[in-house]
Amino acid sequence: MMANREIYAANCEKEFINNLINDGKRLDGRDHHHSRRLSIVFGLDDGCCITTLGNTRVLAQVSSEIVVPKPARPSEGIFQINVELSPMASSQFEAGRSSDLGVEISRLIERCIRESKCIDLESLCIVAKEKVWAIRVDLHLINHDGNITECASIAAVAALSHFRRPHVSVVGTNVIVHPVEDHCPVPLRINHLPFCITFAIFEQGAQVLADPTDLEERLADGKVVAAMNGLREICLLHMNGLLALTKTKLLQCTNLAAERAQEITKYMKESLETEKTNTRKGFSEILKTDTILGAYYQPTPLHVQLMKETMEIDREETDKNEILIHLKAPGIATLGEDGPSKWGIIHSGAEGKEDETSGTIACSESTSDMDKTQESGKSDEEDNITILKPKETDEIDTSSDEEVDLTKAIAKPSRQWYPKVPF
């Protein structure tokens with residue numbers, strides 16, 4: 001048997017919680033004698049439920065089988081509680097190993113239900129000394145946030161109240177177990193509903209906290225578990241820790257436990273009646289719709305407008321610096337206009353004077369030159385590229401608007417003509 005991995009609180013946390021409790025407050029805003037919200041959701045199968053107390057959540061499942069009774073009690077059925085504390089609930093638990101806390105909780109709940117005669121074990125007898133029903137309750141801790149004993153006891157009682165065993169008939173020496181299709185299942189005979197109400201004790205009984213959280217349990221001096229039913233009957237009384245409670249404080253705990261047991265009994269009966277009248281939805285009720293789960297996918301509709309096969313953008317005459325984009329087809333676009341080249345002939349003038357320092361010619365195109373070139377019908381194949389260096393002695397008459405052939409004005413061109421092929 002392995003002990004739990006202890007999670008220790010810092011000194012600043014202890015001082016803060018103790019000061020908060022002495023001021024009559026709690027970390028979650030509750031009063032000292034108020035419990036957290038309780039929720040019971042039944043599954044699709046009989047005897048299956050999930051009980052939630054604050055953030056503490058326990059899954060309960062009841063099963064049954066026919067076995068041989070114990071020799072000491074030949075006419076009574078067998079009842080057993082099994083509590084599993086997995087690392088899924090908290091990091092302080094180890095997988096596959098029973099801890100001291102799990103054994104303590106299972107024994108408390110089993111004593112509370114069996115010794116208080118909650119279930120009539122004699123009604124589980126089929127044939128004395130030969131065959132009886134064995135009822136087993138498996139409690140699985142899903143999330144741990146304190147007060148596991150109370151949450152697990154509520155889950156166990158709720159699952160037993162919801163459970164139905166198969167109908168059995170005895171013919172001579174033959175025992176016939178009828179399926180659900182032939183006979184309706186039989187509920188268990190439950191006399192009363194006991195619950196283990198837990199209190200955390202601080203400062204040797206000076207402060208009593210109902211329904212403690214995990215942090216409050218670790219910082220408390222001890223705990224008091226009072227098992228009560230709706231009839232204000234004490235079914236079990238258990239204390240652990242270094243406690244020396246007075247009679248007044250103990251009576252205060254039992255009175256608070258009796259009131260709490262009445263509230264739980266009323267809520268459980270209402271939940272059972274609601275489950276009978278309504279259609280079973282299973283555990284889908286406890287799933288929050290405002291959270292995104294890993295296996296949840298909500299398809300989002302996309303409104304897509306299909307593009308036409310051919311689409312062109314017509315623009316009016318724009319500035320030369322603007323670039324025209326034409327969409328010919330989906331995924332195909334062209335820059336500029338198709339057809340012959342629109343490059344004009346280089347003119348010499350005020351804007352086209354030579355740059356003697358760099359040995360190049362700064363040219364400017366005019367709209368008229370581009371239009372003339374387009375009217376001439378010359379294709380791109382007839383256009384050639386040349387780099388000319390003007391003659392120093394010769395002067396070019398630029399007074400007229402006529403085109404000037406620079407090749408005649410330059411006596412000795414520095415370079416020859418190049419064909420229109422990539423270098």
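Visitor: How many helices and strands does the secondary structure of the protein chain come to?

Guide: Please keep in mind that this is a predicted model. Of the 423 residues of the protein chain, 35% count as buried, and among the contacts between residues at least 6 apart in sequence, 67% join residues at least 24 apart. The secondary structure of this chain comes to 7 helices and 18 strands.

Visitor: Is A156 buried or exposed?

Guide: The place of A156 is in helix 3, and, not counting residues up to four places away in sequence, A156 touches A60, I109, I113, V137 and L139. One of these, I109, is 47 residues away from A156 in sequence, while the two C-alpha atoms are 8.2 Å apart in space. Because the relative accessible area of A156 is 0%, and the cut-off for this class is under 20%, A156 counts as buried.

Visitor: Is helix 3 oblique or roughly parallel to helix 5?

Guide: The axes of helix 3 and helix 5 come within 11 Å and cross at roughly 40°. Angles under 35 degrees would count as roughly parallel and those from 65 to 115 as roughly perpendicular, so the relation of helix 3 to helix 5 is oblique.

Visitor: Which residues of helix 3 and helix 5 make the contact?

Guide: Helix 3 passes helix 5 in a right-handed crossing. On the side of helix 3 the contact is made by E150, I154, V157, A158, S161 and H162, and on the side of helix 5 by R260, I264, M268, L272 and E275.

Visitor: In the open sheet of 4 strands, which are the edge strands?

Guide: The order in this open sheet is 12-11-13-14, and the pairing is antiparallel. From one strand to the next, the twist averages 20°. The strands that pair on one side only, and thus stand at the edges, are strand 12 (207–210) and strand 14 (234–241).

Visitor: What is the bridge partner of T198 in strand 13?

Guide: Strand 11, which covers residues 195–202, pairs with strand 13, residues 222–228, in the antiparallel sense over 7 bridges. Within this pairing, the residue of strand 13 that partners T198 is V225.

Visitor: Which residue in the hairpin of strand 11 and strand 12 takes a positive phi?

Guide: Strand 11 and strand 12 pair in the antiparallel sense over 4 bridges, and A200 stands opposite L209 in strand 12. The hairpin has 4 residues between the strands, and the residue with a positive phi, near 55°, is E203.

Visitor: Which residues of strand 12 are buried on its two faces?

Guide: In a regular strand the side chains alternate between the two faces of the sheet. Helix 5 (residues 247–277) lies across strand 11, strand 12, strand 13 and strand 14, running at about 140° to strand 11. Both faces of strand 12 are covered, and the buried residues are Q207 and L209 on one side and, on the other, V208 and A210.

Visitor: Which residue in the turn between strand 5 and strand 6 has a positive phi?

Guide: Strand 5 (residues 125–127) pairs with strand 6 in the antiparallel sense over 2 bridges, and the bridge partner of V127 is K131. The two strands form a hairpin with 3 residues between them, and the turn residue with a positive phi of about 70° is K129.

Notes
Residues numbered from 1 in each chain as written. Predicted model: local features only at pLDDT ≥ 70, side-chain atom pairs only at ≥ 80, totals over all residues. Heavy atoms only, no water. Buried < 20%, exposed > 50% of the residue type's maximum accessible area, 1.4 Å probe, protein only. Contact = heavy atoms within 4.5 Å. Pairing = 2+ DSSP bridges. Axes fitted to C-alpha atoms, helices over the stretch in contact; angles between N-to-C directions. Parallel < 35°, antiparallel > 145°, perpendicular 65-115°, else oblique. Left-handed = near helix turned anticlockwise from the far one by under 90°.
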